[in-house]
Amino acid sequence: MDNMVIGAVKTYFITHYNNSPLLIKAPGRVNLIGEHTDYNMGFVLPASIEKSIYFAFQKNDHKNINVETFLSDPEKITFYIQGGNEPFKAGWGSYFKAIIQILLKKGYELHGFDCVFGGDIPIGAGLSSSAALCCGFIHGVSQLLDLSISKKENALIAQEAEHLIGLNCGLMDQYAVLFGKQSHALFLDCRDLTHKYVPINLKGYSWVLIDSKIQHNLAVDSEYNKRRTSCEKVVSIVNDRIEPLSSLRDVTQEHLEKIKFEVNPNDYKRAKYVLEENERVLKMMDALEMGDADLVGRILLQGHWAMSKDYEITTPELDYLVKTGEHLEGVKGSRMMGGGFGGCTINLIKTDNLESCLDTIKNKYEEETTIECEIYQLEIGDGVHVIKN
Ligand code: GLA
């Protein structure tokens, strides 16, 4: 137990609930490449990170679930297993309410419990704090109440909770958070959900995150869902006009050319982006295996500018961060990460030039936007797990 947040969560729990709790660690995630490909049954290459949400749990003798947070402002919510819960407008309460509803609907037998949580994943920074919140909570409840929820089932429940709240996301975040492994990225095929681990260390280079401090709220900013709808429209036209298929994963460039003038130009552009992004994931796997940092950097940049120009999910601030790095000796490449419309860039930088590159980017960004960006060294940790007391 080497983290201050888990220490604080545990101490708070012991002081207020007077017991030795079950402790869970649930990490956030980064994504090397493969953005908006997951709900199109494509490929992704995420990794779980050290920044995490920590939970303390114990059973109680009531029919209530009490949850308290350290996450942002202190807050306590009681959920009634029998129902009658008030709607929670936003924030973590609505995620837990959705999860409890789903567990009950699936026939899991719930029992009252107390839970305290807190964490150090910046919210709205594209590091999947909500997947950590949901997957960590589900794992904790499963362990505490002996529900035997598998990791796959956990991911599907967490995804359903996001959908109930309004984000029609794929499964990348939940898989990264649950299946992540220290020092590795997770190559996931979102069609059959098979995965393998890929080492991402490139000798002499560092992976760094730069937080633009532009916060997104994907469930509220429905642009995310609009991208998904664009992709589905294209699939449905290929399906009607050419051959039966159910996702962009099976759509080819030839299919797209054939229906080019039958679809809205924006939808065409977006579908084309997804096909190319899947190819970028495969190329990235080869580049990492070859240890070719130049190629890794080029793929990151191609991915970013395609998200900017074709999928249209970046912001001027994120474009500025990437463009600034592009002109610096030592920055091999960078790209915005996650659902879009804010959050962090992921950067591959020559370790010898690291400090000077980051200083330049930080200063230029502040001059251009008046915003102070924040820098996080990328540390890849293990997926959701119980912490031994
Ligand atoms: C969000 C969603 C994921 C995925 C990414 C974009 O993080 O939750 O399912 O679609 O955006 O790659």
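1. A helix here is a DSSP run of H or I covering at least four residues, and helices are numbered from the N terminus. In this predicted model, S94 is found in helix α2, which spans residues 92-105.

2. Is S94 buried or exposed? The cut-off for burial is a relative accessible area under 20%, and because S94 has a relative accessibility of 10%, it counts as buried. A polar atom of the S94 side chain lies 2.7 Å from the backbone oxygen of G91. As for its relation to H139, the two residues S94 and H139 are separated by 45 residues in sequence, and their C-alpha atoms are 18 Å apart in space.

3. Taking the chain as a whole, the secondary structure consists of 11 helices and 13 strands. The radius of gyration is 21 Å, close to the 21 Å that the globule rule gives for 389 residues, so the chain is as compact as a globular protein of that length. Along the principal axes, the C-alpha atoms fill a box of roughly 60 × 55 × 40 Å.

4. On burial and surface, 59% of the 389 residues count as buried, while the accessible surface of the chain comes to about 16,600 Å², with 47% of that area belonging to carbon and sulfur atoms. Of the contacts between residues at least 6 apart in sequence, 72% join residues that are at least 24 apart.

5. The domain assignment divides the chain into domain 1, made up of 2-201 + 381-387, and domain 2, covering 205-378. The C-alpha centres of domain 1 and domain 2 lie 25 Å apart, and across the boundary 39 residues of domain 1 are in contact with 43 residues of domain 2.

6. Which residues touch the most other members of the largest nonpolar core? Within this set of 85 residues, they are L45, F55, F57, F96, F137, W207 and L288. Helix α3, residues 129-144, supplies the largest share of this core, with 9 residues, and the core draws at least three residues from each of domain 1 and domain 2. A second, separate core holds 27 residues, among them V235, L248, L256 and Y311. As general background, nonpolar side chains tend to be buried together in soluble globular proteins.

Notes:
Residues are numbered from 1 along each chain as its sequence is written. This is a predicted model: local features need pLDDT of at least 70, side-chain atom pairs count only at pLDDT 80 or more; totals for chains, interfaces and linings use all residues. Side-chain values use heavy atoms; hydrogens and water are left out. A nonpolar core is a set of buried Ala, Val, Leu, Ile, Met, Phe, Trp, Tyr and Cys residues joined through side-chain atoms within 4.5 Å. Buried means under 20% relative accessible area, exposed over 50%, partly exposed in between (1.4 Å probe, protein chains only). Helices (H or I, at least four residues) and strands (E, at least two) are DSSP runs, numbered from the N terminus. Domain bounds come from an automatic or database domain assignment. A polar contact is a pair of N or O atoms within 3.5 Å; within protein, one must be able to donate a hydrogen and the other to accept it, and residues adjacent in sequence count only if both atoms are side-chain atoms. The radius of gyration is taken over C-alpha atoms; the globule rule is 2.2 Å times the number of residues to the power 0.38. Contact means heavy atoms within 4.5 Å. Accessible areas come from the Shrake-Rupley method with a 1.4 Å probe; for residues, only the protein chains shown count as cover.
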